[in-house]
Amino acid sequence: MHELAITQQILEFTLRTARERGAKRVTAIRLRLGPFSGVVPECIQIYLDVLAKDTEAEGAKIETAWEPLRVKCLDCGLESEIDRRHIACPQCGSVRLHRLSGREFLIESLEVES
Ligand SMILES: [Zn+2]
C-alpha cells in the first residue's frame with residue numbers, strides 16, 4: 001500500500017512544520033491532488049489516524065482540493081482543462097487526448113492551534 005508511505009511523509013512534514021511554528025496541535029492538513037496522482041485521501045486519513053496517535057497531529061483531518069486535469073487534443077490541438085468525469089475535448093469532442101498534468105501531489109497548507 002503506497003498510501004502508508006505517503007502518509008508517513010505527510011506526517012513527518014506536518015510535525016516538522018508544526019514544531020517550527022511552535023504549534024501545539026494540527027487540526028487539518030490540506031492536500032492538493034491531481035486526478036491521476038493515485039492518492040486516495042480516505043486511505044491517507046485512515047493511516048493518519050493510526051500514525052499520528054500521541055503526536056501534535058493526532059485527530060487531524062485530511063482535506064483535499066482536486067487539481068483540474070490539463071490535456072491537449074490530438075485532433076484539433078486545443079489545450080484545455082477538463083473534468084475527469086467528462087474526458088473529451090471541449091472544442092471538437094475528440095477523446096484522443098494527451099495528458100499534460102494530473103499527477104500533482106502537494107501539501108497545500110496546515111491548520112494549527114498554538
Ligand atoms: Zn479537439
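The legends below describe close-up views of a predicted model. Residues are numbered from 1 along each chain as its sequence is written, and side-chain values use heavy atoms, with hydrogens and water left out. As this is a predicted model, local features need pLDDT of at least 70 and side-chain atom pairs count only at pLDDT 80 or more, while totals for chains, interfaces and linings use all residues.

**View 1. The open sheet S4-S3-S5.**
Three strands, in the order S4-S3-S5, form an open sheet with antiparallel pairing. Strands are DSSP runs of E with at least two residues, helices are DSSP runs of H or I with at least four, and both are numbered from the N terminus. Two strands pair if DSSP finds at least two bridges between them. Strand S4 (79–82) and strand S5 (97–99) are the edge strands, each pairing on one side only. From one strand to the next the twist averages 40°; axes are lines fitted to C-alpha atoms, for helices over the stretch in contact, and angles run from 0 to 180 degrees between N-to-C directions.

**View 2. Strand S3 and its two partners.**
Strand S3 (residues 69–73) pairs with S4 in the antiparallel sense over four bridges. The pairing of S3 with S5 is antiparallel over three bridges. Val 71 stands opposite Ser 80 in S4, and its bridge partner in S5 is Arg 99. Arg 70 stands opposite Glu 81 in S4. The hairpin of S3 and S4 has five residues between the strands, and in this hairpin Gly 77 takes a positive phi near 85°.

**View 3. The two faces of S3.**
In a regular strand the side chains alternate between the two faces of the sheet. The covered face of S3 has Leu 69, Val 71 and Cys 73, and the uncovered face has Arg 70 and Lys 72.

**View 4. The zinc site.**
The zinc ion has as protein donors the SG atoms of Cys 73, Cys 76, Cys 89 and Cys 92, lying 2.3 Å from the ion. Donors are N, O and S atoms within 2.8 Å of the metal (3.2 Å for Na, K and Ca); water is not among the atoms, so sites may look incomplete. The site is tetrahedral, with angles of 105 to 116° among the four donor atoms; four donors count as tetrahedral if all angles lie between 85 and 135 degrees. In sequence the donor residues are spaced C-x2-C-x12-C-x2-C. Cys 73 lies in strand S3 and Cys 92 in the loop between S4 and S5, so this pair ties together parts that are 19 residues apart in sequence. Cys 73 counts as buried because its relative accessibility is 3%, whereas Cys 92 is partly exposed, with a relative accessible area of 42%. Buried means under 20% relative accessible area, exposed over 50%, and partly exposed in between (1.4 Å probe, protein chains only).

**View 5. The β-α-β unit of S1, H2 and S2.**
S1, helix H2 (residues 41–51) and S2 make a right-handed β-α-β unit. A crossover is right-handed if, with the strands pointing away from the viewer, the path from the first strand over the helix to the second runs clockwise. Strand S1 (residues 25–33) and strand S2 (residues 61–66) pair in the parallel sense over six bridges. Lys 61 is the bridge partner in S2 of Ala 28. Asp 49 is placed in helix H2 and is partly exposed, at a relative accessible area of 38%. The C-alpha atoms of Asp 49 and Lys 61 are separated by 8.7 Å, with the two residues 12 apart along the chain.

**View 6. The loops on either side of H2.**
Ser 37 is found in the loop between S1 and H2. With 15% relative accessibility, Ser 37 counts as buried. Not counting residues up to four places away in sequence, Ser 37 touches Gly 102, Arg 103 and Glu 104; contact means heavy atoms within 4.5 Å. Asp 54 is in the loop between H2 and S2. Although Asp 54 is not a glycine, it has a positive phi of about 65°. At 69% relative accessibility, Asp 54 counts as exposed.

**View 7. Ser 109 in strand S6.**
Ser 109 is located in strand S6 (residues 105–113). Its relative accessibility is 34%, and so Ser 109 counts as partly exposed. Leaving aside neighbours within four places in sequence, Ser 109 is in contact with Ala 28, Ile 29 and Arg 30. From Ser 109 to Glu 42 the C-alpha to C-alpha distance is 18 Å, and the two residues are 67 apart in sequence.

Conventions:
Tetrahedral: all angles 85-135°; square planar, octahedral: opposite > 155°, others 65-115°.
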